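Hi everyone, thanks for making the time. I'd like to walk you through a structure today, so please have a look at the view on the screen.

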Amino acid sequence: MQRKRQALILLCLCVLGLAPGCWDSRELNELAITVGLGLDKSGDNVKVTTQIVNPGEVASKQGNQGNRMPFTTISSTEQTVIEALRKQTIILPRAVFTSHLRILVIGEELARDGILKVMDGLSRNREMRSDFYIIVARDAEAEDILATLTPMERISAYKMFKTLEMSAEEWAPTVDVEMDQLLHDLANPLKDTVLAGMVIEGNKEVGSEAHNLDRSKPFTSLVFSGLALFRDDKLVDWLNSQESKGYNYIMNNVDTTAGHLACPDGDGFIAMEVTHAKSSINGSVDQEGEPFIDLSFQLEENVGEAQCEMDLSDTASLERLERVATRQLEEIVRQTIAKAQRNKADIFGFGERIEDAAPREWLRLKDDWRERFAKLKVNIEVDLKVRRIGTTINPLSDRKE
Amino acid sequence: MLDKGRIGLHQLTVLAILFTVGSSVLIAPSSLAYEAREDAWIAALLALVVGLLAVGLYNGLARLFPSATLVGMARLSLGRWLGGAVSWLYLGYFFMLSALVLRNIGDFMTTQVLPKTPIQFIHIFFLLVVVAGIRNGLEPFARAAEIFLPWVMLFFVTMVVLLPPEFHIENLQPVLGYGIKPVLRGTISLFSTPYTEVVLFLMIIPLVRKRDRSGKALLTGVLIGGLMLAIIALLSILVLGADLATKQAFPSYSLAKKISIGDFLERLEVVMAGIWFITIYFKLGLCFYASTMILGELTGASDVKPFYLPLGLSLLALSIVIYPNFAYFVTFASRVDFLYSLPFALGFPLLFWIGWLIRGRLG
């Protein structure tokens, strides 16, 4: 009898455990896997655009069956980001799931207005991870960027993610900023930030239609272009591709890249492949209490392409190339710093370096840091070596009999 | 002695490690970074030193009152009534601590992992396992701790080994740039949790078999646990930086999210959460055990088993009402906890010592 009762109680407990169901169970077919997220200004509200993977289309091995799209973009407008995300369920049969987010696009108008407000909701969100990149839609709305169909990678958010990763590695003028880094910069009132910019080349209406991909050269494409320069949380200016490269040289982000120099004599250009680039930033304060920055660069380059007559087998001409390249690097770096100083935006974190070196002085300096940054003295030191000249010795144009 | 079980020196060390790491591994880096900024790890090491001094005090007490628990010590040194009153206060202290620890895991789960699950159910299921583990006394509990410690260490080492690609050495600068004051404030915040709570081991030491060497075993345990906390603080600063570590509610969880090796070894955070599931389990178990043992000794019961159900149910209720929201807990942990814990960690133990001296003089 006793045993029976015990068994009964145990059974009741088991049923009790099952009866309420699983509060947090979420089946795969209830989720709208969101890989791209766009934020735009819409009056006083924020327009949130999600790029959602169409599950059947991506999984099918046969590729594009019929004319269905690989992803869908949905927009909704609300006062806050979180509301807008939830509101999308009035359009979608599934709930937006953002853990697999690859890219966050911020519309230029919103960026100029300030992004601090909209970022809070995202950093507080439990579903959101921090391993996606953040970019700015240049002269465009984030919505249009996310709606554009792209070749090679069918999901355009993946395309943007990979393009950014690849171009940051091979071609210096882009930056891959992740959520954590952006939050880190936003949290510090005296450190400003940059984000990669993206433009739509071609007609944006066509870009979202299936026939955008009907020819080998798409009508509309997404292209990274320049860096958005933020002061505090507001976009104030754009760095062009030279300055973007300068920014990456300063920040030690350059892995490999290529650049050109004018030929020392005659027309044409010489392309230099940068194989190794390293920079270091040191801040300090001089005797008068004025802060200054020492920038030093170490580069190794190869000759990649020589369009002019030049004896590359001669050490002297390589040394001449080194001098030209050094001067050019200095110029690019100066130009970049000048632009940041004009905008009073410490995108390099020079303030942090001075704080590292002289924390007590920093307490005095930080009150009018923006003004000081605009006039900050920066010493540049370049150690540049041209090492190799590729698989041929003298240029093809060197056609002496 | 109420508990007939006995534990070995090694088991005492294991329990001390798990207790020290406890819930602090989840919460401490945030408040450390808030106070000490880049020097959070220095503050953690300082707190460890202070904590070890406190452990020295408890070891001294344990030698003065051989085979007496906290209740016994209080009664022997302060007399039956005053000692009894102090013991009741300790009961409240440990019971509140149990509720706070239980709520920590509930808050973590509902914020990060299971947002729609009612917090009560997380508490119920967690506490059920704790009571099941502790109801047969300390001895089987300590054996379980021995089985689980290697897993904690495995996860911990995994985290330490996989994170270096995310390190930013410059986050550590400036070292001691703003003087020692902020570091000391950080030290205080870490000292109040978990080091003041180590006083709980005065309930455990009487059960150790070779009591003459228990001091060293306890010291080793707290030392290892404290070093793990300091390493977590260091990792948080290196990976997240002082700003983000301050802003995160659970920095070590965000830390685990950052692990990404070659695009395939990632999203390990819930595996990493295994560390604190285990450590919090043992911390909660010890707190709950201490509460029931004190109650048993105070009421002169011959067996504590009847206490588990009523105490467990009260703990469930208390853990829900103990603080109304997360902001309240943050304020408590950073401002109130130190002053609140100080009498229990240092005040009363010193009083016991003085009481013992006076009694020695008189009798």
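**Helix packing, a contact and some backbone details**

Let me start with a crossing: H2(B) and H9(B) cross in a right-handed way. For the handedness, a crossing is left-handed if the near helix is turned anticlockwise from the far one by less than a right angle, and right-handed if clockwise. Helices here (H or I, at least four residues) and strands (E, at least two) are DSSP runs, numbered from the N terminus.

Before going on, a word on the model: it is predicted, local features need pLDDT of at least 70, side-chain atom pairs count only at pLDDT 80 or more, and totals for chains, interfaces and linings use all residues. Residues are numbered from 1 along each chain as its sequence is written, while chains are lettered from A and ligands numbered from 1 in the order in which they are written.

Back to that pair. Helix H2 (residues 24-36) of chain B packs on H9(B) at an angle of about 55 degrees, and the axes are 9 Å apart. Axes are lines fitted to C-alpha atoms, for helices over the stretch in contact, and angles run from 0 to 180 degrees between N-to-C directions. The two helices H2(B) and H9(B) are therefore oblique to each other; angles under 35 degrees count as roughly parallel, over 145 as roughly antiparallel, 65 to 115 as roughly perpendicular and the rest as oblique. On the H2(B) side, the residues that meet H9(B) include B:Ala28, B:Leu32 and B:Tyr34, and their partners in H9(B) include B:Ile232, B:Ser236 and B:Ala245. Contact means that the C-beta atoms of two residues, placed from the backbone, lie within 7 Å. By class, the contact of H2(B) with H9(B) has twelve nonpolar, four polar and no charged residues. In this scheme Ala, Val, Leu, Ile, Met, Phe, Trp, Tyr, Cys and Pro count as nonpolar, Asp, Glu, Lys and Arg as charged, and the others, Gly among them, as polar.

How does H2(B) pack with H3(B)? The angle is about 110 degrees and the axes are 8 Å apart. That makes H2(B) roughly perpendicular to H3(B). This crossing of H2(B) and H3(B) is right-handed. From H2(B) come B:Pro29, B:Leu32, B:Ala33, B:Glu35 and B:Ala36, and from H3(B) come B:Ala40, B:Ile42, B:Ala43 and B:Ala44. The residues of this contact of H2(B) with H3(B) divide into eight nonpolar, no polar and one charged.

Moving along chain B, B:Ser67 sits in the loop between helix H3 (40-64) and helix H4 (70-78). The phi of B:Ser67 is positive, near 60 degrees, in a residue other than glycine. Is B:Ser67 buried or exposed? B:Ser67 is exposed, with 11 other C-beta atoms within 10 Å. The cut-offs: a residue is buried if 20 or more other C-beta atoms lie within 10 Å of its own, exposed if 12 or fewer, and partly exposed in between, with C-beta atoms placed from the backbone.

Next comes H4(B), where seven of the nine residues are buried, so this helix is largely enclosed by the rest of the structure. The buried residues of H4(B) pack against H3, helix H5 (80-113), helix H11 (269-299) and helix H13 (326-362) of chain B.

In helix H5 of chain B we find B:Asn104, which counts as buried with 24 C-beta neighbours inside 10 Å. Not counting residues up to four places away in sequence, B:Asn104 touches B:Ser23, B:Leu26, B:Ile27 and B:Ile280. B:Asn104 and B:Phe329 are 225 residues apart in sequence, yet 9.4 Å apart in space, C-alpha to C-alpha.

Chain B also has cis peptide bonds. One joins B:Gln173 and B:Pro174, with omega about -5 degrees, and B:Pro174 lies in the loop between helix H7 (138-162) and helix H8 (181-192). Another runs from B:Thr193 to B:Pro194, with omega near 5 degrees.

Finally, the two chains together. The contact takes 14 residues from chain A and 17 residues from chain B. On the chain A side, H8(A) gives the largest share, four residues.

That's my tour; happy to take questions.
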